Amino acid sequence: MIDALGPARLALIVVFSLLGLFFTFVSMTGVIRLPDVYSRAHTASQADTLGAGFTLAAVALAAGWEGTGFKAVLLVFFIFVTNPTAAHAIARAAFEEGTVPWTEGDERR
Amino acid sequence: MVDAPKRGSVVVPVESTPTLRATVTHLVESAAGGEFSSIHFVVFATWRRDDPDTADREAAVDRLLERVATWAEADLADVDDVEVGDVEVVTAIVGDDEYLFGADDYVRELAAYADEHDAETVVLDPEYTPVGNTTLLQPLEFALSSTDLAVREAPVTRPTRRERLRKEATGIRFAATFALSLAFYLALGDPLYWFDLASGVASAAVVAITLSRISLDADPSLSRTPIRLLRGAVYVPALLYEILKSNVVVARVILDPRMPIDPTLNRVRVIVGSGLPITTLANSITLTPGTLTVRARDGNLYVHSLIPWARDGLFDGSLERWTRFVFYGREAARLPTPRERDDVGIFQGPDATEEYPGTRADGGSIPEESTREDSPDAPAADGPVADAAASNAPAADGDEEVTAE
Amino acid sequence: MSVVDASLAGGYAVGDFLLVVAAGFVVLAIGMLYRAVKGPTMQDRVLAVNVLGTNTVVILAILGAALSEPTFLDIALVYALLNFLMAIAISKFTVERGGVL
């Protein structure tokens, strides 16, 4: 069913998915370009937050609130709770292994 | 003062130890249980009041006492059935008018202080060794036994995850876990379909039986949880705004062909309770692009920052303020920022203010001091932690390096 | 007629557009695969795989909406949880003392 919001909703779907795509692209660029595991973790959180957030918002809009849209929101909530924890575990593992964060002038790793 | 003399005071000599935090909690719990009416945290001054060059040491002691007082207040706030003001928390520096040698001097000062404040009990932090003298604790206990003060050691151990993992099961924890799991199950399924209902109840029961004492380490409070959820709902848009802002800034830095990054590891001491509050704060910091929580140790967060802008934002402490607001209300949000408290440090780069706290740094040399500070956390000192894992570890580590090469 | 069947422009529906977006995410995932292969440290790989996992979750969700397959969302939920477990477990076991979290 297309409700009264019709065109605006379609526009929002398009805008949100493109924004999500853009931030995931930035995140991918960062994961490839940045010099060490700590800085890559920063940019990974971009894909987790706005990349996934905007795209799943678009999915929720496209699927409608009945059933699936709700699950998309739940998915965003999960990602927001679990992914920083995972990033923290990874960074802490690197720290415990003795990886010293890259600083200006170091060789790229 | 207090007109209930049958509940005495307790004197606790403190210094910065890994078990201090747990000792404070133990004391507050004892006091809340009706054992004491006031808790005196004291530090022995190792200098004389009119000595030159003592400002630094005095400042360090003042910071320690301030921290202890904050912890005690946070713990008091966590205990539900105690009115604020029911338990008095006092901090003091003793012995700054004379030089203290040996255990006898300490005990004399302590007894005098206890006498002055009607205290009959002394509780010792198990790791307490005044002025870094490692052999002092035994003689201190011995010397204390000659006074009429009651002495005991706080029953705390190094706060490792292993011991915190299992708490005792209580009805309300079970109910909360059960309700939450069932709600989640039915949200995914169909709450009106009998099969989903029955299987949901069964699986929620299994989850509650096995996990209720692991996933909740305190009884959820009926009076406080709703207001926290409400304040959390206010926090979410604020957090989303922060995330949006730093996403744009970091995106610009990453897409810039010159990529002007300046990553450093920083330390920031945060004043939030352990458990859920600090997890919320650390997760919020990590969610915000540009800052990444690497470690949490003794109320310190080690945060890696990508650009100076993110570091400044971290030191301005808006997320910390929000977390305090969510868990403790508007009053607590008004504490000064980490930068104003001067509880921050930068470990790397040209602006570095502190030594890098490496556990096993491969590149740089580890300063003697920090190695010793870290040693309680090192595997050897952890004793009971997974003997089997420890014996397997070297081999596994070796394999790792071979494959990584 | 659901939202995904609504015509967007030039005879293409929202569902078609979402499929294109999903394809874009797949391309980005291939880019991230570079870091998972290259490393150089174990943590780099875990991180890359974690981001890839989030990407997969998003792709699953988009496909679920575009193809009107609500069950894809359930699979995405399970995948998100497994992805989290993977990151925690590997981080834990790459450190010799196993003290991460």
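Modeller: Before we look at any annotation, bear in mind that UniProt positions follow the numbering used here and that annotations may be inferred rather than shown by experiment. The model itself is predicted.

Colleague: Which residues of chain B does UniProt mark as "transmembrane region"?

Modeller: The record, an unreviewed entry, places that feature at residues 171-188 and 194-214 of chain B. In the model, the span 171-188 of chain B is 100% helix and 0% strand, with its end C-alpha atoms 26 Å apart; residues 194-214 of chain B are likewise 100% helix and 0% strand, and there the end C-alpha atoms lie 30 Å apart.

Colleague: How should I read the sheet of chain B, and in what order do its five strands run?

Modeller: As a general idea, strands of a sheet pair through backbone hydrogen bonds, either parallel or antiparallel. Here the sheet is open, its pairing is parallel, and the strand order is S3-S2-S1-S4-S5 in chain B. Strand S3 (88-94) and strand S5 (150-153) of chain B are the edges, each pairing on one side only, while neighbouring strands are turned by 25° against each other on average, with direction ignored.

Colleague: How many bridges join strand S1 and strand S4 of chain B, and which residue of S4(B) is the bridge partner of Ser9(B)?

Modeller: S1 (residues 8-13) and S4 (residues 119-124) of chain B pair in the parallel sense over three bridges, and the partner of Ser9(B) is Ala119(B).

Colleague: What do helices H1 and H2 of chain B touch?

Modeller: Helix H1 (residues 20-32) of chain B lies across S1, S2 (36-44) and S4 of chain B, running at about 155° to S2(B). Helix H2 (residues 55-78) of chain B packs on the sheet by touching S2 and S3 of chain B, and its direction makes about 165° with that of S3(B).

Colleague: Turning to chains A and C, how many residues of each are in contact, and which elements of chain A contribute?

Modeller: 46 residues of chain A are in contact with 45 residues of chain C. On the side of chain A, the elements giving two or more residues are helix H1 (6-33), helix H2 (37-63) and helix H3 (65-96) of chain A, of which H3(A) gives the most, with 17 residues.

Colleague: Which residues have the most contacts inside the largest nonpolar core?

Modeller: That core has 106 residues, and those with the most contacts inside it are Leu56(A), Val59(A), Ala62(A), Ile90(A), Leu18(C), Ala61(C) and Ile62(C). H2(A) supplies the largest share, 16 residues. Leaving aside neighbours within four places in sequence, Ile62(C) is in contact with Thr55(A), Val59(A), Leu18(C), Val21(C) and Ala22(C). A second, separate core of 36 residues includes Val11(B), Leu27(B), Ala119(B) and Leu140(B); Ala119(B) is also the bridge partner of Ser9(B).

Colleague: Finally, which residues of helix H10 of chain B are buried, and what phi does Gly317(B) take?

Modeller: In H10 (residues 308-316) of chain B, the buried residues are Ala310(B), Arg311(B), Gly313(B), Leu314(B) and Phe315(B). Just after H10(B), Gly317(B) takes a positive phi of about 70°.

Terms used:
Residues numbered from 1 in each chain as written. Chains lettered and ligands numbered in written order. Predicted model: local features only at pLDDT ≥ 70, side-chain atom pairs only at ≥ 80, totals over all residues. Helix = DSSP H or I, 4+ residues; strand = E, 2+ residues; numbered from the N terminus. Contact = placed C-beta atoms within 7 Å. Pairing = 2+ DSSP bridges. Axes fitted to C-alpha atoms, helices over the stretch in contact; angles between N-to-C directions. Core = buried A, V, L, I, M, F, W, Y, C linked by C-beta atoms within 7 Å. Buried ≥ 20, exposed ≤ 12 C-beta atoms within 10 Å, placed from the backbone.
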